[in-house]
2 protein chains.
Amino acid sequence: MNAPFRRGDGIAAWKRIADGLEGEIAAGRFRRGERLPTEAQLAAQHGVNRHTVRRALSALAERGLVRATQGSGTFVEAPPLRYPIGPRTRFSEIATAAGREAWGRLLSAREITADPALAEALDLPPGSPVLELDTLHEADGVPISTGLTRLPLPRFAGFAERYAETGSITRAYASYGVTDYLRRSTRITARHATPEETEALDLAPGRVVLVLDSVNTDAQGHPIQATHSRFAADRVELSA
Amino acid sequence: MNAPFRRGDGIAAWKRIADGLEGEIAAGRFRRGERLPTEAQLAAQHGVNRHTVRRALSALAERGLVRATQGSGTFVEAPPLRYPIGPRTRFSEIATAAGREAWGRLLSAREITADPALAEALDLPPGSPVLELDTLHEADGVPISTGLTRLPLPRFAGFAERYAETGSITRAYASYGVTDYLRRSTRITARHATPEETEALDLAPGRVVLVLDSVNTDAQGHPIQATHSRFAADRVELSA
DNA sequence: CCGCATTTGTTCGTATGTATT
DNA sequence: TAATACATACGAACAAATGCG
């Protein structure tokens with residue numbers, strides 16, 4: 001089928017195989033969720049060793065195009081490009097983006113114990129109980145960001161329920177008497193999306209997320225939340 | 001030195017080696033730019049095959065912690081450098097505060113005519129002459145960002161020469177009587193590096209850049225520059 | 001400038017572990 | 001339980017880039 005591999009011809013065999021598979025996926029030859037031929041089959045087809053096929057598949061897996069499942073097979077992950085490139089959603093305030101606005105959907109909530117870094121951020125003793133909320137934020141039906149919001153627990157017990165009721169972090173805080181809050185710090189980084197983030201934000205494979213870590217305090221300067229927000233970088237534009 | 005590897009003991013050998021190396025890097029056992037032991041040496045140290053070491057190193061390289069160069073070795077990449085941004089921050093001040101040597105290097109300069117977007121940003125009529133500077137910023141010899149700085153031209157004629165002389169945008173502005181400037185706007189996005197940026201910033205292929213577009217004004221509120229900065233995302237951490 | 005040793009990159013072959021079907 | 005399919009690991013060989021004498 002393919003020209004036999006010859007060693008040292010400029011382009012690595014695994015790279016050619018990876019490019020070929022990517023092209024076939026892009027061309028619709030394999031659809032989302034479909035199982036690729038087994039490593040052994042691909043190796044035979046291309047006349048290479050199974051290791052070479054694995055190198056190619058791992059390159060695709062790294063970018064989120066496929067996912068290998070032990071014992072089962074290697075499956076196409078690439079979702080259709082549901083969200084065409086458009087104007088980016090603009091956030092006028094980083095603090096807004098970091099979680100003090102009234103938008104967002106609560107995915108799950110759990111009680112955890114603060115690791116040293118989180119404890120320091122929230123001015124708590126290490127090991128203190130903390131409420132952790134998973135949230136998803138959308139604009140016009142398009143996922144924009146996922147948030148991990150952590151609140152000191154004795155103080156904000158039941159926050160998840162009030163958030164779910166009011167649908168607003170601001171109103172939920174108000175029910176605890178917190179009517180104003182200040183940003184203590186914001187750190188901004190960027191990196192590739194993890195598989196979980198790719199899933200949650202419905203991203204195309206290999207995309208970039210903007211990461212905001214911020215700590216907000218009440219008017220008295222006591223930390224009331226530490227948030228870890230990840231934005232789909234090609235859908236947003238932060239304004240400082 | 002290390003406990004001998006035993007197959008099938010729960011955690012893959014390559015993962016343990018990767019975690020160990022990551023810990024050593026984090027602990028400062030290896031410094032930025034330092035060469036790691038060769039693959040053969042690491043294999044011998046851990047009592048594993050060279051492939052197993054390569055698997056570990058590739059996991060670290062994927063995350064930008066190390067970079068392998070054929071024929072040369074595997075080197076530790078720069079740890080994140082905090083880079084605060086705020087209403088009045090300049091590169092040299094920040095880097096000085098961080099205890100790092102800062103300097104911008106002028107790569108090239110040219111005169112262009114402002115497109116509508118740029119003209120609006122600088123409060124100029126479209127088609128106005130604008131001076132465009134390509135700059136590279138480093139800390140401790142490591143490229144941190146590349147900048148595209150555009151200045152309104154009748155006002156700042158000869159800026160490139162003064163910048164080259166002083167090595168500082170701040171001092172160059174001072175020579176035009178601009179001793180203070182304010183940030184009018186900052187937009188933050190992130191994406192994959194272009195080949196040009198990969199080259200300029202000496203990045204490994206496929207890395208991410210943080211993009212800052214900002215407009216600065218003088219004390220009277222007149223725009224004095226519109227900059228388009230691209231930071232190596234895994235070498236910086238912006239603080240707002 | 002050449003040649004050589006060093007070091008990483010690619011590929012094959014083989015064996016075995018482990019999860020899924 | 002057995003067959004299938006991916007995961008991990010070892011060993012060998014050669015290719016390609018770097019750096020030094």
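With a relative accessible area of 45%, B:His222 counts as partly exposed, a label for values between buried (under 20% relative accessible area) and exposed (over 50%), using a 1.4 Å probe and protein chains only. The model here is a predicted one, so local features need pLDDT of at least 70 and side-chain atom pairs count only at pLDDT 80 or more, while totals for chains, interfaces and linings use all residues. Residues are numbered from 1 along each chain as its sequence is written, chains are lettered from A and ligands numbered from 1 in the order in which they are written, and side-chain values use heavy atoms, with hydrogens and water left out.

Where does B:His222 sit? It is in the loop between strand 8 and strand 9 of chain B. Helices (H or I, at least four residues) and strands (E, at least two) are DSSP runs, numbered from the N terminus. Leaving aside residues up to four places away in sequence, B:His222 touches B:Arg155, B:Asn216 and B:Thr217, where touching, or contact, means heavy atoms within 4.5 Å. As for B:Tyr181, 41 residues apart from B:His222 along the chain, the two C-alpha atoms are separated by 9.5 Å.

B:Arg155 turns up again in a salt bridge, its side chain meeting that of B:Asp218 at 2.9 Å, N to O. A salt bridge here is a side-chain nitrogen of Lys or Arg within 4 Å of a carboxyl oxygen of Asp or Glu. B:Arg155 lies in the loop between strand 6 (142-152) and helix 6 (159-166) of chain B, and B:Asp218 lies in strand 8 of chain B, so this pair ties together parts that are 63 residues apart in sequence. B:Arg155 is partly exposed, at 37% relative accessibility, whereas B:Asp218 is buried, at 2%.

Another pair in chain B is B:Glu197 and B:Arg230, whose closest N and O atoms are 3.4 Å apart in a salt bridge. This one also links distant parts of the chain: B:Glu197 belongs to helix 8 (residues 195-200) and B:Arg230 to strand 9 (residues 223-232) of chain B, 33 residues apart. Both ends are tucked away, with B:Glu197 buried at 4% relative accessibility and B:Arg230 buried at 12%.

Over in chain A, A:Glu197 pairs with A:Arg191 in a salt bridge (2.9 Å, N to O). A:Glu197 is buried, at 4% relative accessibility, while A:Arg191 is partly exposed, at 28%. Over all chains, the salt-bridge count comes to 35.

Now for the helices. Which residues of helix 6 of chain B are buried? They are B:Phe159, B:Ala160 and B:Tyr163. These cover an arc of only 100 degrees around the axis, which puts them on the same side of helix 6 of chain B; the arc is that of the directions from the helix axis to the C-beta atoms. The face turned away from that buried side carries the exposed residues B:Ala164 and B:Glu165. After helix 6 of chain B comes B:Gly167, with a positive phi near 70 degrees.

Helix 2 (residues 39-46) of chain A has A:Glu39, A:Leu42, A:Ala43 and A:His46 as buried residues. Seen down the axis of helix 2 of chain A, they fall within an arc of 100 degrees, so they line one face of the helix. They pack against helix 1 (13-26) and helix 3 (50-62) of chain A. Just after helix 2 of chain A, A:Gly47 takes a positive phi of about 65 degrees.

Finally, the two chains meet, with 18 residues of chain B in contact with 21 residues of chain A. Together they bury about 1,700 Å², 57% of it on carbon and sulfur atoms; buried area is the accessible area (1.4 Å probe) that two parts lose on being put together, summed over both. In chain B, B:Arg187, B:Ile188 and B:Ala240 lose the most area to chain A, together 31% of what that side buries. Two salt bridges are counted between chain B and chain A, and A:Arg187 and B:Glu237 meet in a salt bridge at 2.8 Å, N to O. On the side of chain B that touches chain A, the elements giving two or more residues are strand 7 (181-192), strand 8 (208-218) and strand 10 (236-239) of chain B. Strand 7 of chain B gives the largest share, seven residues.
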